[in-house]
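The exercises below concern a predicted model, and each task is followed by a solution that goes step by step. Please keep the sequence and the structure in view while working through them.

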Amino acid sequence: MKMKEIYETTVEQQLAPPSEELQTYIDQMSGALTNAGTINLPSQFILLVDRNPKVQAAMLFWIDEEGQYQFIGASPVSTGRAIGFEHFQTPTGVFAHTLANLDYRAEGSKNSKGIRGYGAKGRRVFDFGWQKAKKGWGDRQIADMRLQMHATDPDSLEKRLGSVQSKGCVRIPASLNVLFDRYGLLDADYDAALATGRKFWVLDKNRQDNAWAGRYMVVIDSDRQEKPEWAGISIRKQVKVQ
């Protein structure tokens, strides 16, 4: 089964950006990669996140051998609120998922408000390391924050995906978290290390081989002033999140 079909049949919350919108996003993503010096990429998966408050969406693409982008699927996310103590605005840029900051798994424990911040127990937390971001409190200057991509509380917060909610990380649907985890979509560095004999406890025991694993999450801000119709319509599919 191709990844587009897997996405369509296993990810619970999906968005359907029109083709003309997708091309605009591809151009913005390509520009961000070029500006970061990340060019001439081999075939791989790559994740684009639009942090714009009117959008709040993640889009998965595959780059083919000719450097063309193929759309796989899109889902609502929540990025950082730019106001509030210990809150950051999710930074824009190209962020590599490397072994310098090893992933871990959610414990499923609740905070004082009864919230499971990283989602249900066992959900993988993808760590993109320390990054510079704008603080939402005090002097509102640029400071260090730990950029992660993870699931969120399935009972109270997952239904809020599609709006700005997080402390700076990128929150994604639990079923999308499982997709990235099960198929190693951003695990190129882990795969390279596995090939040398290294082992990682964090990797899914049912993990599937993936010849096109990538390593990049690209975050942009589309500067939209109005919410596009497609971003407000989340297609919910009945899937079983494992």
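**Exercise 1.** List the residues in contact with Phe128, leaving aside its neighbours within four places in sequence.

*Solution.* Taking heavy atoms within 4.5 Å as the criterion for contact, one finds that Phe128 touches Phe95, Ala96, His97, Asn101, Leu147, Gln148, Met149, Leu186, Arg215 and Met217.

**Exercise 2.** Determine how the buried residues of helix 1 are arranged about its axis, and what covers them.

*Solution.* Begin with burial, for which the cut-off is under 20% relative accessible area: in helix 1 (residues 3–10), Met3, Ile6 and Tyr7 are buried. Viewed down the axis of helix 1, the buried residues fall within an arc of 100 degrees, and therefore they line one face of the helix. Their cover includes strand 1 (13–14), strand 2 (44–50), strand 3 (57–63), strand 4 (69–76) and helix 3 (174–183).

**Exercise 3.** Describe the largest pocket by volume and by the residues closest to its centre.

*Solution.* The volume of the largest pocket is about 800 Å³. Its lining comprises 31 residues, of which Asn111, Ile115, Gly117, Lys167 and Arg171 are the closest to the centre.

Key:
Residues are numbered from 1 along each chain as its sequence is written. This is a predicted model: local features need pLDDT of at least 70, side-chain atom pairs count only at pLDDT 80 or more; totals for chains, interfaces and linings use all residues. Side-chain values use heavy atoms; hydrogens and water are left out. On a 1 Å grid over the protein atoms alone, a cavity is a set of points where a 1.4 Å probe fits but cannot get out, and a pocket is an open set with protein on both sides within 12 Å along at least five of seven lines; lining residues have an atom within 4 Å of a point. Grid points are joined across faces, edges and corners, and a volume is the space filled by probe spheres set on the points. Buried means under 20% relative accessible area, exposed over 50%, partly exposed in between (1.4 Å probe, protein chains only). Helices (H or I, at least four residues) and strands (E, at least two) are DSSP runs, numbered from the N terminus. The arc is that of the directions from the helix axis to the C-beta atoms.
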